[in-house]
Structure formats: C-alpha cells, structure tokens
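Student: I would like to learn how to read a protein model. Please take me through some features, giving the general idea and then the case.

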Amino acid sequence: PQSNVIVTQTNGEEQLDFELVQTGTGTAPSVRTVGGWDGNFVRLANVNGLSQAAAYVSNDVLEPWTGVAEYAFDLKSSVPGVRPGDDGWGWALLNTANFGTTGSAGSDFGPEPNYAGSLGVGFDVNNNGGEGSNSVSIHYDGNLLASVPITSAFTGDEPLETGNVLRAAVKIRPSGTGSEVTVRLLDLATGELMEPIADFFIDGLVPYEGRIQIAASTSSDGMN
C-alpha cells in the first residue's frame, strides 16, 4: 500500500510504498481505512498495556539529494495524555550502504533513531532523560546530537499528546562539509507551527542513498 509520507527533493515529489514490521507483543501494526484523518492511516502501536514496537519502512530507494530535500509525514497519539509507558515515534532516513535496499533497521524502534550512517529525528513523549515531557531530538550516525523540549504556545499543552494530527517535516539543506537540518510540526487542528530544530548543522552529513523508516514504541498508548 501507499502512505501519506511525501518526499520532496530537487528531482520532484514522490509518494512511497511501504511494509510493516513488528517487535514485542500485542496487536500487529495495520493499515486502517476507517477513522483516519485523510481516509486511511497506519496504526503502529496499540492500546493494550503491553510492550510493543513497530515500524513503517519503505523499500523505495531515494537517490542522494542534490539540493534541498524535505520529508513530510503525519503523526498522532490516539489516546491523548496517557501515561506511563508511552514512548513516541522515530523517523530515519536509512542509509542503504548500512541497511541495504529492503527491510528495517532491526528491532530498535521508537523515539531514539540511532542508526549507523543515517539521519534520524525522535518525537519523545516520555521524560526518561530529563529532556521534558515532550521533546524532539536529532540523531546522526548512531548518536544523539540534540534534544529540545516543546510546549504549545497556543494552549500550553504537550503538543505530541493532544490527540491532534501533527504534520511533521524534516528539511535537509547541504552546507559546506555537512548539512543543515530543520524540523517543523504543524498542528492541523489549531494551525500552530512549531520549529523545534532550526538550521542545525551536522558536519559530515552529505547526500546519500536512503530509505524512510518511521517507528513507534509504547506500552499503553496508541501511536499512529
């Protein structure tokens, strides 16, 4: 099936095919066609009180970007404010030199996308390292580079747990010996635009052939 993950590079716009991979226990991830905000969605982790992790992974290989590249996707916590046990989502542009042209990056799914040779962004809803109740983090080549707490300026709420659909966008812009990365979140219900990561320079992040993986882990919440 196709997803609502949209990739925009200098060579045009592309919608990706994907497969679903699960680790842990509980209901398997699935494509839902009822109740979705745009007609369909992928339920990665379910409300079942069990430790669970799953990933959407694309086998569509993306050529190395030659200019600005942007990767947009939607995410949503379907049970707002549920704790403890909820973890979050992790987005990664898997480097095919490290992870090949098919399959996932393994079983380490969730909001800490630390993968060799690859850029990752975490959306964390669990304050397990002093980073705040909601935070966005940036990762490269297996390392956490920065973590930024986020709060809605409109409502004061934790924006990753309101139950609203968030349109996330990761933009990569080549710069010198590396690239600048920007992460934006648009709340589709309120119109609030948040930019927790802006022009973050990563030395050594140069264009590479990659594939998209979006993962979620939880033990009590529902992550879409």
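Student: Which residue forms a salt bridge with Asp 74, and how far apart are the closest N and O atoms?

Tutor: A salt bridge is a side-chain nitrogen of Lys or Arg within 4 Å of a carboxyl oxygen of Asp or Glu. In this predicted model, the partner of Asp 74 is Arg 167, and the closest N and O atoms are 2.7 Å apart. This pair links distant parts of the chain: Arg 167 is in strand β12 (residues 166-175) and Asp 74 in strand β7, 93 residues apart. Strands (E, at least two residues) and helices (H or I, at least four) are DSSP runs, numbered from the N terminus.

Student: Is Asp 74 buried or exposed?

Tutor: Buried means under 20% relative accessible area, exposed means over 50%, and partly exposed is in between (1.4 Å probe, protein chains only). Asp 74 has 10% relative accessibility, so Asp 74 counts as buried. Arg 167, at 39%, is partly exposed.

Student: How many salt bridges does the structure hold?

Tutor: There are two. One of them joins Glu 195 to Arg 184, again with 2.7 Å between the closest N and O atoms. Glu 195 lies in strand β14 and Arg 184 in strand β13, so this pair ties together parts that are eleven residues apart in sequence. Glu 195 is partly exposed, with 39% relative accessible area, and Arg 184 is partly exposed at 26%.

Student: How do β13 and β14 run, and how many bridges join them?

Tutor: Two strands pair if DSSP finds at least two bridges between them. Strands β13 and β14 run antiparallel and are joined by seven bridges. Leu 185, for example, has Met 194 in β14 as its bridge partner. The hairpin has five residues between the strands, and Gly 191 there takes a positive phi near 80 degrees.

Student: Which residues make a nonpolar surface patch?

Tutor: Patches are made of residues with over 30% relative accessible area and no salt bridge; like charges are joined within 9 Å, and nonpolar side chains (Val, Leu, Ile, Met, Phe, Trp, Tyr) within 5 Å. Accessible areas come from the Shrake-Rupley method with a 1.4 Å probe, and for residues only the protein chains shown count as cover. Here Leu 186, Leu 188 and Leu 193 make a patch of about 250 Å². Leu 188 is in the loop between β13 (178-187) and β14, and is partly exposed at 40% relative accessibility.

Student: How many aromatic pairs are found?

Tutor: Rings of Phe, Tyr and Trp (its six-membered ring) pair if their centres lie within 6.5 Å; planes under 30 degrees apart count as stacked, over 60 as edge-to-face and the rest as tilted. The whole structure has five such pairs. In one of them, the ring centres of Trp 65 and Tyr 208 are 5.3 Å apart and the planes are at 70 degrees, so the pair is edge-to-face. Trp 65 is buried at 3% relative accessibility, and Tyr 208 is buried at 8%.

Student: Where is confidence lowest and where is it highest?

Tutor: pLDDT is the predictor's confidence in each residue, from 0 to 100. The chain has a mean of 78, and 65% of its residues reach 70 or more. Confidence is lowest in strand β1 (residues 2-9), at a mean of 50, and highest in strand β14 (residues 193-203), at 97. Where pLDDT is low, the predicted coordinates should not be read in detail.

Student: What should I know about the numbering and the values?

Tutor: Residues are numbered from 1 along each chain as its sequence is written, and side-chain values use heavy atoms, with hydrogens and water left out. In this predicted model, local features need pLDDT of at least 70 and side-chain atom pairs count only at pLDDT 80 or more, while totals for chains, interfaces and linings use all residues.
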